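Me: I have a structure to go through with you. Can we take the helices, then the ligand?

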Amino acid sequence: MLANPVMTASGTFGYGTEYSHLFDIQKLGAIVCKGTTLEPRDGNPQPRLAETACGLLNSIGLQNIGVEALIREKAPIWASWRVPVIVNIAGETIDNYAKLASRLDGVAGISAIEVNISCPNIKAGGAEFGANPKSAAEVTAVVKAATSLPILVKLTPNTSDIAEVAMAVAEAGADAISLINTLKGMAIDITQRRPLLGNITGGLSGPAIKPVALYMVYEVAGVVGLPIIGCGGITTASDAIEFIMAGASAIQVGTASFTSPRAPLDVLQGIEQFMKQEGINNITDLIGAARR
Ligand SMILES: Cc1cc2nc3c(=O)[nH]c(=O)nc-3n(C[C@H](O)[C@H](O)[C@H](O)COP(=O)(O)O)c2cc1C
């Protein structure tokens, strides 16, 4: 059970440590760290970011320090924090996910695992697993079997039927479902006549994707009984409240942290203010309110 419903989104808040001097990050509901793989990764060629109308394209390609450095260097810091830290994991094979989950099991400072089956920026694995119900369920089942930690499975919008994928991961043992990851996109530099990103394609995030994310949360909340963590373009408290009213039990703030690092805390305080204004004592009164 979280102290409050506001989390950071993976890949937009580092390991949390980078932000701890900017505001009191301990006040957040949870911190989700950068996607972690078995081995360290350098990520994709530059340029890896491009601004678009109301959005951001990224093709980071899971640059990260690898699971062993995370356990050695980051987990001991997290163990002293009040705010729970969720480790986001990604693999190129199903076996990679199993190994990561069992390695993280029982490590002090790690409260849960978010299984990223939705990264559009790596050649093998990633979003491929999340695009169809069968492989999404397979990854979920092996991670569940490999750890006693709660698992959140993070879905991709780049699929033909997100409700089917959600039902499959729920049946395979997910404890919660996070959605959405970025939408696949691209931009072209017309003077160079070349794609703007070094990786050619990237993932679109930010306010531009909010209506899509909101719709998908609404859709999935109608078919699974698990807690849903809504994510995608949340910048203000009213954005967050829309996701909660669509059926999300918690939300994640991502790209908004790049323009205002304290955005997650501002969103939290705005939700509290809204509840006070509306005379609501318990957030559960708002969850799914737009569905009734
Ligand atoms: C620069 C960047 C890096 C990201 N890295 C990851 C990652 O490592 N793992 C993951 O599951 N999602 C990653 N994401 C996706 C976000 O966690 C989030 O799902 C997505 O950006 C939509 O939310 P937003 O519009 O609030 O940013 C990344 C997003 C951005 C912008």
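Predicted model: local features only at pLDDT ≥ 70, side-chain atom pairs only at ≥ 80, totals over all residues.

Me: Which residues of H9 are buried?
Reply: In H9, these are buried: Ala263, Pro264, Leu265, Val267, Leu268, Gly270, Ile271 and Met275. Buried means under 20% relative accessible area, exposed over 50%, partly exposed in between (1.4 Å probe, protein chains only). Helices (H or I, at least four residues) and strands (E, at least two) are DSSP runs, numbered from the N terminus.

Me: What do the buried residues of H9 pack against?
Reply: Strand E1 (6-8), helix H7 (237-246), strand E14 (250-253) and helix H8 (256-259). Contact here means heavy atoms within 4.5 Å.

Me: What follows H9?
Reply: Gly279, with a positive phi near 70 degrees.

Me: OK, H4. How many residues does H4 have?
Reply: H4 (residues 133-146) has 14 residues. From first C-alpha to last, H4 reaches 20 Å, close to the 20 Å expected at 1.5 Å a residue. The expected span is 1.5 Å times one less than the number of residues.

Me: And what covers the buried residues of H4?
Reply: The cover includes strands E5 (85-89), E6 (112-116) and E7 (151-154). It also includes helices H2 (94-104), H3 (127-130) and H5 (162-171).

Me: Switching to the ligand. How many residues surround the ligand?
Reply: 24, and the closest are Ser10, Lys154, Gly206, Gly233 and Thr255. The cut-off is a heavy atom within 4 Å.

Me: Which polar side-chain atom lies 2.9 Å from a ligand oxygen?
Reply: One belonging to Lys34. A polar backbone atom of Ile180 is also 2.9 Å from an oxygen atom of the ligand. For Gly254, a backbone N or O atom lies 3.2 Å from a ligand oxygen. The protein covers 97% of the 610 Å² of accessible area that the ligand has on its own. That area is Shrake-Rupley with a 1.4 Å probe.

Me: Where does Ala90 lie?
Reply: In the loop between E5 and H2. Ala90 counts as buried because its relative accessibility is 1%.

Me: Which residues does Ala90 contact, leaving aside neighbours within four places in sequence?
Reply: Thr36, Thr37, Leu62, Tyr97, Leu100 and Asn116.

Key: Residues numbered from 1 in each chain as written. Heavy atoms only, no water. Polar contact = N/O pair within 3.5 Å; in protein donor to acceptor, adjacent residues only side chain to side chain.
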